[in-house]
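Please examine the sequence and the structure shown below before reading on. The paragraphs that follow turn to the protein chains and then to the DNA.

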There are 2 protein chains.
Amino acid sequence: MSVGHIGTPTPLVLNEDCPTREVLDRVGDKWSVLVIVLLGQRTHRFNELHRTIEGISQRMLTLTVRALERDGLVNRTIYPTVPPRVDYELTELGRTLLVPLEALNTWANSHRDDIRAARERHDAETADRTVQASG
Amino acid sequence: MSVGHIGTPTPLVLNEDCPTREVLDRVGDKWSVLVIVLLGQRTHRFNELHRTIEGISQRMLTLTVRALERDGLVNRTIYPTVPPRVDYELTELGRTLLVPLEALNTWANSHRDDIRAARERHDAETADRTVQASG
DNA sequence: CAGCATCCAACCAGATACTG
DNA sequence: CAGTATCTGGTTGGATGCTG
């Protein structure tokens, strides 16, 4: 590259191409991680996931597993039986994702209290200022 | 605990208390990671972040850094000068988060192509079925 | 059992205008 | 410079009813 005038030293700009963001777009939503963690333990059927993940709607579970399947993280196996049966399991790619997810989980467990403490401290200070402002 | 009848073997249920989800609620949004990564390099001023993070609005940047500050991940320093100056930097807690984030980043870089390939394959198959269905 | 289709409410987030 | 306030369109996601 022959660009690079003196005084224009490549303006650093971060956009949505950041690969970490790309992963978080898939995994950072409300349900994906829970599904991945469950499938990391063993294969699950649709209603198993549905029962185990508290609060997820049928619709959201469908959308979540479909997105994970699309990205090659989850395999979806349909058994042509009556009643129908569909198994979900992690692909090999999906299992490799468990590793960094586990790192995140470790961090979360280690610093959960730190975050809660910081949050309460911050909220208390904010409340102080509100009292001062209104008093 | 004296519960535990035979046949009711503790129903495993995952809810939003999953610590990984707790982290992802903070970090999994559209902008937090970009802010954290930038602050991992050095202290930044508000408009530095604003210029460097492509596409973020002033409002979203404010909300993002405020949330990170509330959770003790980012320090906000106000200099009472004219014009005003506000510096943002990672706290020690915030710097520890860089480690698992780096793991995620490594995974993302390693498997970016896998995901894209899976996605294209999936989309192609879906298109196939659409063609078959309409033909 | 494992979904899909539809409707609708709530929240999110961008644009714009204004302020200390 | 570093925000706040308000409005509003767009997306997300739950509820419900129906199907192979």
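Which side chains of chain A and chain B meet in a salt bridge with 2.8 Å from N to O? They are those of Asp123(A) and Arg70(B). A salt bridge is here a side-chain nitrogen of Lys or Arg within 4 Å of a carboxyl oxygen of Asp or Glu. Between chain B and chain A the count is eight salt bridges.

Some conventions must be stated at this point. The model is predicted, and local features need pLDDT of at least 70, side-chain atom pairs count only at pLDDT 80 or more, and totals for chains, interfaces and linings use all residues. Residues are numbered from 1 along each chain as its sequence is written, chains are lettered from A and ligands numbered from 1 in the order in which they are written, and side-chain values use heavy atoms, with hydrogens and water left out.

The interface between the two chains can now be described further. Across it there are 20 residue pairs in polar contact, both residues being at pLDDT 80 or more. A polar contact is a pair of N or O atoms within 3.5 Å; within protein, one must be able to donate a hydrogen and the other to accept it, and residues adjacent in sequence count only if both atoms are side-chain atoms. On the side of chain B that touches chain A, H5(B) gives the most, with 20 residues. Helices (H or I, at least four residues) and strands (E, at least two) are DSSP runs, numbered from the N terminus.

The size of an interface is often given as the accessible area lost when the parts come together. Chain B and chain A bury about 4800 Å² between them, 64% of it on carbon and sulfur atoms; buried area is the accessible area (1.4 Å probe) that two parts lose on being put together, summed over both. Chain B and chain A each bring 50 residues to the contact, which is defined by heavy atoms within 4.5 Å.

The DNA is the next subject. Of the 17 residues around DNA strand C, those that come nearest are Thr62(A), Arg66(A), Arg76(A), Tyr88(A) and Met60(B); a residue is near a strand if one of its heavy atoms lies within 4 Å of it. Sugar and phosphate make up 66% of the atoms of DNA strand C that come within 4 Å of the protein.
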